[in-house]
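Please read them with the coordinates open beside you.

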Amino acid sequence: MFFSDILGQEMPIKIIQNAIKRKKCSHAYLFVGPEGVGKKSTAFAFARLLNCKEKVGIDDKGEKHASNGDNFDLQGMNIYDSCGECISCKKIKKGIHPDVSFIYPEKKDIRIGQMRVLKYQAQFKPMEGSRKVYIIAQAHMMNKESANSVLKLLEEPPDKVLIILIAQNKYGILPTIISRCQVIKFNLLPSDLIIRSLKEKYNIEEKKALFFSQLSRGSIGKAFSYCEEKMDETKKKADSLISKTEKGDFISLFSESEKLSFSKEKEELKKILNIMLVFYREKMYEKPTREWIRILEVILQTKENIKRNINVGLALDEMFLNINRIIENKKFAETI
Ligand SMILES: [Zn+2]
């Protein structure tokens, strides 16, 4: 992963680049921001640059200049990046570099056992690279013991160790941990950037790119995964539910909600509700009326209820009935 592959995160990259340029890297960072905006990719690009044997400098014109190994002797470069070719870059790409570790929750949380391994390894010098990098994904899922263990490590950081914590927000992370990290904020991406990159990467038409960008709401990772998976079937299912709701075909709708409530595919249900949100949001942009806002509220509430484990079938039945009632009232109001 090169820094240049990361889209729309100029500010976080600039902060990191400047720290590297000035040789003032912090020993701990907290990357905060929504899902799928490039936090993990940036962490890997960072780890790769620190350990790359043939670092490159990129000038204002985008031209690459080779540097002298570990020394950043390229003054005046716009950015530094890893070479992608040396043994270190290749090992990090394959996930087999002994100095770069990726820690993620095992089942429901990040466990103390994982942290003990990290702490043990962190006391030794890097084996091959110049810096040991520990990337802790979903850092808010550290349990109490794990969080305390990380805190101790941050209080007395070993030499040549970099810890990157990644989280969607700061909630759930001990304030004492936050205060020992440099916090870097990652933001959602603008839709035109997402549309452009979807068209370039997947060669899809404008309309489809627009739909996926609306569905992903600023998360390029989500937009890519929508493109890569078969969204067509889910889209057809959602379109059919919308049309049945508007017609008031409740016999069919109630059987659909029963099927959806028994399905183990909770992700699919989430996508269907998101497609419905995109559909009604579009309607609202075309012609803003109170009804579309109310429908959007109904769908958002349904999502919330399902998240709280309220009976899925009942929640969907209620949603179909409410949306239909709003639409019928709208039609009635338009006739008088
Ligand atoms: Zn390299």
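Predicted model: local features only at pLDDT ≥ 70, side-chain atom pairs only at ≥ 80, totals over all residues.

1. The handedness of the crossing between H10 and H12 is right-handed.

2. The residues that bring these two helices together can be listed on either side. From H10 come Thr234, Lys235, Lys237, Ala238, Leu241 and Ile242, and they meet Glu268, Lys271, Ile272, Ile275, Met276 and Phe279 in H12.

3. As to the chain overall, the protein has 14 helices and eight strands, and its C-alpha trace spans about 75 × 50 × 30 Å along the principal axes. Of its 336 residues, 32% are buried, while among contacts with a separation of 6 or more, 73% are between residues 24 or more positions apart.

4. The buried residues of H5 are Ser146, Ala147, Val150 and Leu153; seen down the helix axis, the buried residues of H5 fall within an arc of 120°, so they line one face of the helix. That buried set packs against helix H4 (112–122) and helix H6 (175–178), whereas on the other side of H5 the residues Lys144, Lys152 and Glu155 are exposed.

5. Two backbone torsions deserve a look, given that most residues other than glycine have a negative phi. Lys23, which is not a glycine, has a positive phi of about 55°, and it is found in the loop between helix H1 (10–21) and strand S1 (28–32). Because Lys23 has 8 C-beta neighbours inside 10 Å, it counts as exposed, the cut-off for that class being 12 or fewer.

6. The other torsion belongs to Arg217, where phi is near 45°, again a positive value in a residue other than glycine. Arg217 is found in the loop between helix H8 (206–216) and helix H9 (220–228), and with 18 C-beta neighbours inside 10 Å it counts as partly exposed, since a buried residue would need 20 or more.

Definitions and conventions:
Residues numbered from 1 in each chain as written. Helix = DSSP H or I, 4+ residues; strand = E, 2+ residues; numbered from the N terminus. Contact = placed C-beta atoms within 7 Å. Arc of directions from axis to C-beta. Left-handed = near helix turned anticlockwise from the far one by under 90°.
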